[in-house]
Amino acid sequence: MSTELANKLMSAESAEAFLGEQGGRVGREVFAALKSEVDRLVECDLKSAADLAERIDELARLTDDPVSKAFAEASRARALHHSGRYKEAVSLYERAVSALQAARLRPEAAFIQMQQVYALTQMGRYDDALRTARAARRVLSKGDPVELAQLETNVGTIYYRLDRYGKSLQHYDRAREILSTAGSDTMRALIDLNRSNIFTEMDQAEESLVLLESAAAIWDRAKHTLMAAQARSKIAYLQFLRGNYNTALESYYRVREQLAELGSPRLVAWCDLEIAEALLSLNAFDDAIDSASVARESFGEFGMPYELAQALVVRALAAMGLGRFEEARNDMIDARRRFARSKNKTFAAIIDSYLSELAIRRGDVVEAMRRASSSLRVFTRQKLHIRSAYSRSLMARAAYDSGDRSRASRMARVALRTIEGRFAPAIAYRCHHLIGVIERDRKRNNEALNRFRLAVEAIEHLRGGIVADEFKATFLRDKIEVYEDAISTCLDEGSEPLLEEAFRLVESSKSRALADLMARYLREKPSTARLKGEASPEDEIRAQFIKLIEDLNWYNSHAGLEDEKGDQRRAVVADRYRNKVIRCERQIAQLFRRMESDDSAFAELQRMHGASSSDLRGVLRPGETVIEYFTTGDEISAFIASQAQIKVVRRIASKREVEKMLAALRFQIEKFNYGHRFADFHFEQLWSAANQHLIRLCETIFAPLESLIDGDTLIVIPHGALHYVPFHALLDRRGYLIDRFEISYSPSATVLKLCRARDEQIRRGAGERGSRGADAETRGRGDTETDHRPPTTDHRPPTTDIVALGVAHRDTPSVEAEIRSLGKIFPRAVTLTGDEATRANLMAVAPGARFLHLASHGYFRRDNPMFSFLKLADSPLNFYSLLDLELNAEMVTLSACHTGVNMVFPGDELHGLMRGFLYAGTPSLVASLWAANDTSTADFMREMYSRIKAGATKRAAVRAAGLAVKDEYGHPYYWAPFVLMGNPD
């Protein structure tokens with residue numbers, strides 16, 4: 001009846017029209033029935049509930065009956081309450097209760113008080129909530145058992161907030177007992193949802209998951225969409241606690257969208273908070289701060305102090321991860337004060353444990369021990385085993401830092417026993433690592449290595465739950481030391497099996513995420529079909545992604561146009577556009593993570609394993625030598641591998657000293673930015689100074705290895721800052737290394753192996769296409785004709801020797817001549833210059849190119865390296881705008897400034913424009929380490945492609961081009977910026 005009445009009221013033109021249909025009079029029983037429908041709708045569709053409550057209020061104004069008005073106010077209160085507007089809701093509840101009590105409708109008043117209890121609880125008014133509950137219980141205990149069960153459930157939530165878990169469970173169990181002979185499945189599901197919170201806090205995740213899955217299924221059947229979504233958000237949290245980060249985030253984003261559509265900003269804010277927690281565990285600290293801050297603002301508006309304090313804690317932990325210790329401490333102290341004020345000792349203790357970790361990072365071991373000990377007492381009393389283990393691990397670390405190794409080892413071992421049989425890899429790896437460090441200090445290397453292995457195993461287990469490329473890099477931010485200690489200990493022992501284990505560990509900590517991305521090309525490419533418009537469940541997200549890319553380009557272009565106008569008013573407008581750019585970039589990065597998470601093919605890539613030394617030797621050609629550098633602490637070491645053997649040279653140099661040398665070299669190179677007149681006038685001085693730095697670098701990082709190099713072809717796998725070293729330009733008494741070696745580069749042995757496999761795949765495909773398409777491709781256009789016209793996009797473009805795109809700039813006038821010269825070298829070329837050098841034209845012709853050459857200004861974004869870009873005629877080309885680029889090219893050349901410069905993330909992940917082209921499937925990439933000279937670059941490219949056309953390998957062609965330009969220009973600034981990355985054949 002209530003649903004039918006509500007439908008009639010909402011379908012009427014107005015409240016007055018509905019009243020007319022009812023004969024001009026509506027009794028209070030109609031208002032009671034309509035209020036029941038609002039109660040139902042708040043669990044399904046908050047927008048509909050709010051609309052109905054508003055219409056009920058309009059109807060009540062047409063009557064003089066205070067009871068009818070009370071039901072109308074209670075209806076509005078319910079809608080406001082579930083929208084998070086608790087203060088307004090409580091005021092309306094109180095007025096409705098007073099009116100109903102005055103009319104001696106005590107059961108109806110008690111029922112509304114029961115609903116008011118939950119709103120008071122959300123506001124942190126626990127004493128008021130308990131008083132209201134007692135008053136309601138006196139009436140409800142004599143009436144409907146379902147209503148009494150609802151009251152007991154709400155009271156249970158009060159005690160949960162007060163961290164009195166036993167008392168809370170008593171009330172939930174009492175509610176279930178009351179409903180054993182009455183009530184509905186949906187009500188039991190609500191009780192179980194609340195009970196699951198207790199089990200989650202008490203480390204009983206399996207029990208919690210069973211309850212939540214059952215509740216979600218019940219609400220789905222009853223079409224209580226909002227409640228089902230709430231249950232799924234809690235399931236996502238359990239997935240996060242189990243280390244299934246990808247599954248958790250994917251679920252959160254879906255549930256968040258659903259809750260927003262259903263009009264529940266309160267539950268959306270909860271999702272924001274829990275998403276922030278997941279991001280925090282992935283060390284994505286900036287994103288965690290953003291998400292937690294949005295949640296904190298929402299909870300502040302809703303007047304929800306408990307949730308606001310939780311958001312403060314997450315934001316503080318993210319600030320701590322970024323090294324902003326004072327900010328972190330202030331937020332933690334603020335949050336602790338809030339929890340202490342509400343008598344929540346458990347959450348106050350949780351913050352004490354975080355303050356202990358903060359104190360360790362600040363070097364205050366006394367404070368750390370005090371805070372950890374205090375939190376441990378609370379966690380032990382509450383039987384919170386994982387929390388207890390965390391506190392003990394902090395006490396162990398504080399003890400070690402104070403010099404008490406015995407106590408540190410004892411506390412770490414107790415912590416491990418505490419989590420035995422429980423899922424807590426984050427605590428396990430810390431404890432195993434600390435025990436390993438202590439055992440190493442005691443010269444017990446075997447015991448130390450076993451502990452380091454266990455620590456690595458725990459980290460790898462956690463890493464397996466991560467799909468998003470960015471998170472794989474950030475996740476290792478605070479864990480690289482574990483791999484480094486394991487590597488050092490293996491090498492200290494010195495046996496062949498341990499040398500192999502050390503190599504595998506180096507590969508496990510190096511460019512793993514990039515290898516995962518590239519490995520997809522050896523399977524089926526997962527994203528192309530969807531990005532090209534084929535139907536899929538993720539179409540909407542991908543369309544939104546493409547729209548954001550377009551918006552970003554629009555805002556960037558307008559910011560530039562406003563800047564060029566120069567006056568102060570235009571500068572303000574430009575700033576406004578730049579703020580929109582920042583917001584767009586953040587949204588693009590977030591959506592890309594979702595696209596990765598939604599794509600099942602990405603999950604398959606978690607099986608990708610790092611290359612072994614035998615894998616590496618197996619892909620080497622005769623005469624090739626690989627130098628793979630790695631770092632442990634401040635020490636740079638290297639593996640030297642050939643087809644026949646692999647050796648290691650340890651402690652080659654100090655990482656800090658090499659970074660200083662490299663900074664000095666960069667300073668000399670950057671002096672050419674002062675202009676050609678300065679460079680010409682000071683040429684000899686600049687050349688001499690650069691050579692001195694190249695000599696020092698050569699003596700430090702190459703000379704100790706040279707005796708182990710057999711052959712004249714080198715593949716250098718750098719590490720850390722060494723990615724910025726032009727090894728081919730290092731100088732000794734016999735000259736530059738380029739004079740006697742062909743040198744190429746790779747991010748890791750695993751990536752080298754993938755690049756060679758990808759190149760073979762491309763060449764096989766080209767062989768299959770060649771006989772079928774050659775005649776058609778050349779018919780009607782002479783063999784030496786260059787196609788300057790932009791291609792049509794309604795068919796797959798013909799196979800071409802080279803696609804060469806150039807965008808000239810006032811500082812790079814030689815670009816168009818460079819592009820024309822490449823068109824003359826290759827008989828079948830597509831050239832795109834001027835207005836034709838657009839992204840759409842590039843995307844259309846690139847799939848058919850054997851070589852792809854892009855000559856334009858390159859910009860490296862140190863603040864946001866994944867948005868480093870090449871400037872096209874109509875838009876910037878960055879990592880994200882390369883996602884739908886189909887590449888079958890054997891090599892991509894980025895003939896521009898800084899295209900090979902990357903931000904080196906933890907785990908030696910290179911984030912920049914170069915990553916995008918490797919991601920797009922190219923096996924070989926030529927890119928620049930610094931701003932290259934326009935004229936010498938054109939000469940370099942012409943020479944390189946001429947050699948390739950004559951049959952030289954890429955590596956030999958790059959060397960020949962470098963030597964030719966060196967003979968002409970002399971200074972390494974002109975001939976050494978370009979490096980060949982990936983497959984050198």
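Author: The dialogue that follows goes from the whole chain to single elements and residues.

Reader: On what basis are the values given?

Author: This is a predicted model, in which local features need pLDDT of at least 70 and side-chain atom pairs count only at pLDDT 80 or more, while totals for chains, interfaces and linings use all residues. Residues are numbered from 1 along each chain as its sequence is written, and side-chain values use heavy atoms, with hydrogens and water left out.

Reader: How many helices and strands does the protein have?

Author: Helices (H or I, at least four residues) and strands (E, at least two) are DSSP runs, numbered from the N terminus. Here the secondary structure comes to 43 helices and 19 strands.

Reader: What share of the residues counts as buried?

Author: Buried means under 20% relative accessible area, exposed over 50%, and partly exposed in between, with a 1.4 Å probe and protein chains only. Of the 985 residues of this protein, 60% count as buried. The protein exposes about 39500 Å², of which carbon and sulfur atoms supply 47%; such areas come from the Shrake-Rupley method with a 1.4 Å probe, and for residues only the protein chains shown count as cover.

Reader: What do the contacts say about the chain?

Author: A contact means heavy atoms within 4.5 Å. Among contacts between residues at least 6 apart in sequence, 71% join residues at least 24 apart.

Reader: How is the length of a helix checked, for instance that of helix 23?

Author: The expected span is 1.5 Å times one less than the number of residues. Helix 23 (residues 425–441) has 17 residues and should therefore span 24 Å; its end C-alpha atoms are 24 Å apart, which agrees.

Reader: Is helix 23 largely enclosed or open, and why?

Author: Helix 23 is largely enclosed by the rest of the structure, because 13 of its 17 residues are buried. After helix 23 comes Lys443, with a positive phi near 65°.

Reader: Which other residues have a positive phi although they are not glycine?

Author: Lys223 is one of them, with a phi of about 60°, and Asn283 likewise has a positive phi of about 60°. Lys223 is in the loop between helix 12 (205–222) and helix 13 (225–241). Asn283 is in the loop between helix 15 (265–281) and helix 16 (285–302).

Reader: Are Lys223 and Asn283 buried or exposed?

Author: Lys223 has 66% relative accessibility and so counts as exposed. Asn283, at 5%, counts as buried.

Reader: What does Asn194 touch?

Author: Asn194 belongs to helix 11 (residues 185–201) and counts as buried because its relative accessibility is 10%. Not counting residues up to four places away in sequence, Asn194 touches Thr153, Thr157 and Tyr172.

Reader: Which strands pair with strand 18?

Author: Two strands pair if DSSP finds at least two bridges between them. Strand 15 (residues 891–895) pairs with strand 18 in the parallel sense over two bridges, and Val892 stands opposite Leu925. Strand 19 (residues 978–982) runs antiparallel to strand 18 and is joined to it by five bridges; there, Ser928 stands opposite Phe978.

Reader: How many aromatic pairs does the structure hold?

Author: Rings of Phe, Tyr and Trp (its six-membered ring) pair if their centres lie within 6.5 Å; planes under 30 degrees apart count as stacked, over 60 as edge-to-face and the rest as tilted. The structure holds 24 aromatic pairs. Among them, Tyr736 and Trp975 are edge-to-face, 5.0 Å centre to centre with 75° between the planes. This pair links distant parts of the chain, 239 residues apart: Tyr736 is in strand 6 (residues 735–736) and Trp975 in helix 43 (residues 972–975). Both Tyr736 and Trp975 are buried. Phe672, Tyr969, Tyr973 and Tyr974 form one aromatic cluster.

Reader: Where does the charged end of Arg161 sit?

Author: A charge sits over a ring if NZ of Lys or CZ of Arg is within 6 Å of the ring centre and within 35 degrees of the ring normal. The charged end of Arg161 sits over the ring of Tyr306, 4.0 Å from its centre.
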